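Please look over the chain shown below before reading on.

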Amino acid sequence: MILARPLRTTAVPALLTVSALVALTACGTSGADSAAGGSKATVTVRIPDPGNSGVLALGKKDGSLDKALAKAGAKVRWTGSAGPFAPAAQAMNADQLDIATGSITSGITSLAQRPGFKFFTAVDPDAAGEGILVRNGSDIGSVADLVGKKVAVNQGGTGEYLLLKALAKAGIPAGKVTRVYLRPDQTAAVFNAGKVDAWAVWATYAVAEIGSGKAHFVADGAAIGSDNYSLNAVRTEFAEQHPKVVRALYQYLHEASAREKQNPAAYLNVFTDVGPTAVTGKAKEVQTAFTAQGGTVDPIGPEDIERFEDVAAFYAGQHVTKDRVDVAAHLIDAGKLT
């Protein structure tokens, strides 16, 4: 099980919520920084469209995010759609995106490339909402039963990490399980057709499967001992040029994430309760339970950095990355954003 988390050593507010997923965005550049008095051009913050759920979705609908940013002389440009962190990292490198959300695992593999971003917030690992998913009725009753099986994972990201971490904890060599590399948005059909035996996955995709009543976790994040934080990244140049804007986002979304945890249902189906983006029935119950048990967005503290470095060492030891990535070199002290 994951050890209880010590109290954080800093208390400044933080940025995005765990529900806010990121995307590759359209081209565009940020405006010059602005004081609250508006003596300079308004700063444009490029953030992926939040879709139908989460803090950003509600902030978009009720206008409260616009009001918070206006005080810092900024406004949002909603771009793109939800997607993996790897293309979002590339978009930040290309000056096409300012803010992104991803896991520490996908973050490390992106940092191993050419990073033009830094991390500045952390959401605790999702003990309940991620894990190794199997179909109901499967003969897989424990991690040990994965030997000789095929498990779907997203390469270099959360799925691969969860599987490798689970196997390592159980003392099972990674080579005894076949990793099937698939994009998460393409995996459900393969999983439900029985072409893979299990799926290492997180809440974004697990909720629908568990909510259908046809699948369950054979081991969740707590059982695996996952250190898979959700992190928020900012384009390095944007953070350097517009720290007050980052701080304004930071304050707003930290407080909103705490409200979301207290009342998760209010942040679901923000724009519509029908159609493919709606969460309904049992899946809605599953999602609200996961959110209520999850963390809020907070500053990155020393205890977080230690666990980030553990993940980086684990990835290097498992040959997911060629060398151990120095995560600490790519972090921002949120308390110094003024």
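A residue is called exposed when its relative accessible area is over 50%, and buried when that area is under 20%. By that cut-off G141, at 59% relative accessibility, counts as exposed. The model is a predicted one, and of the 338 residues of its chain 52% count as buried.

**Confidence**

- The mean pLDDT of the chain is 88, and 88% of the residues reach 70 or more.
- Over residues 1-29 the pLDDT stays under 50, although the model has 115 contacts beyond four places in sequence for this stretch.
- Where pLDDT is low, the predicted coordinates should not be read in detail.

**Overall make-up**

- The secondary structure of the chain comes to 12 helices and 10 strands.

**Helix α12 and its crossing with α4**

- Helix α4, residues 104-111, packs with helix α12, residues 302-317, at an angle of about 65°, and the axes of the two helices are 10 Å apart. The crossing in which α4 passes α12 is right-handed.
- On the α4 side the residues that meet α12 are I104, T105, I108 and T109, and on the α12 side their counterparts are F308, V311, A312 and Y315. Sorted by class, this contact of α4 with α12 has 6 nonpolar and 2 polar residues, with no charged residues.
- The end C-alpha atoms of α12 are 23 Å apart, which agrees with the 22 Å that its 16 residues should span at 1.5 Å a residue.
- Buried residues of α12 are E303, D304, R307, F308, E309, V311, A312, F314, Y315 and A316, and what covers them includes α4, β4 (117-123), α5 (158-170) and β10 (230-235).

**Helix α11**

- Helix α11, residues 281-293, has 13 residues and reaches 19 Å from its first C-alpha to its last, close to the 18 Å expected at 1.5 Å a residue.
- Its buried residues are A283, V286, Q287, T288, F290 and T291, and the buried residues of α11 pack against α7 (203-211), β9 (215-220) and α10.

**Helix α1**

- In helix α1, residues 55-62, the buried residues are V55, L56, A57 and G59. The elements that cover the buried residues of α1 include β1 (43-48), α2 (64-70), β2 (74-79) and α10 (243-262).
- Just after α1 comes G63, which takes a positive phi of about 80°.

- Most residues other than glycine have a negative phi.
- D95, a residue other than glycine, has a positive phi near 60°. The place of D95 is in the loop between α3 (85-93) and β3 (99-103), and D95 is partly exposed because its relative accessible area is 28%.
- H319 has a positive phi of about 65° although it is not a glycine. H319 is placed in the segment after α12, where its relative accessible area of 69% makes H319 exposed.

- G141, exposed at 59% relative accessibility, is placed in the loop between β5 (131-135) and β6 (150-153). The C-alpha atom of G141 is separated by 9.1 Å from that of A219, and the two residues are 78 residues apart along the chain.
- K336 is found in the segment after α12, and at 66% relative accessibility K336 counts as exposed. The C-alpha atoms of K336 and R247 are separated by 9.5 Å, while these residues are 89 residues apart along the chain.

Technical notes
Residues are numbered from 1 along each chain as its sequence is written. This is a predicted model: local features need pLDDT of at least 70, side-chain atom pairs count only at pLDDT 80 or more; totals for chains, interfaces and linings use all residues. Side-chain values use heavy atoms; hydrogens and water are left out. pLDDT is the predictor's confidence in each residue, from 0 to 100. Contact means heavy atoms within 4.5 Å. Axes are lines fitted to C-alpha atoms, for helices over the stretch in contact, and angles run from 0 to 180 degrees between N-to-C directions. Helices (H or I, at least four residues) and strands (E, at least two) are DSSP runs, numbered from the N terminus. A crossing is left-handed if the near helix is turned anticlockwise from the far one by less than a right angle, and right-handed if clockwise. Ala, Val, Leu, Ile, Met, Phe, Trp, Tyr, Cys and Pro count as nonpolar, Asp, Glu, Lys and Arg as charged, and the others, Gly among them, as polar. The expected span of a helix is 1.5 Å times one less than its number of residues. Buried means under 20% relative accessible area, exposed over 50%, partly exposed in between (1.4 Å probe, protein chains only).
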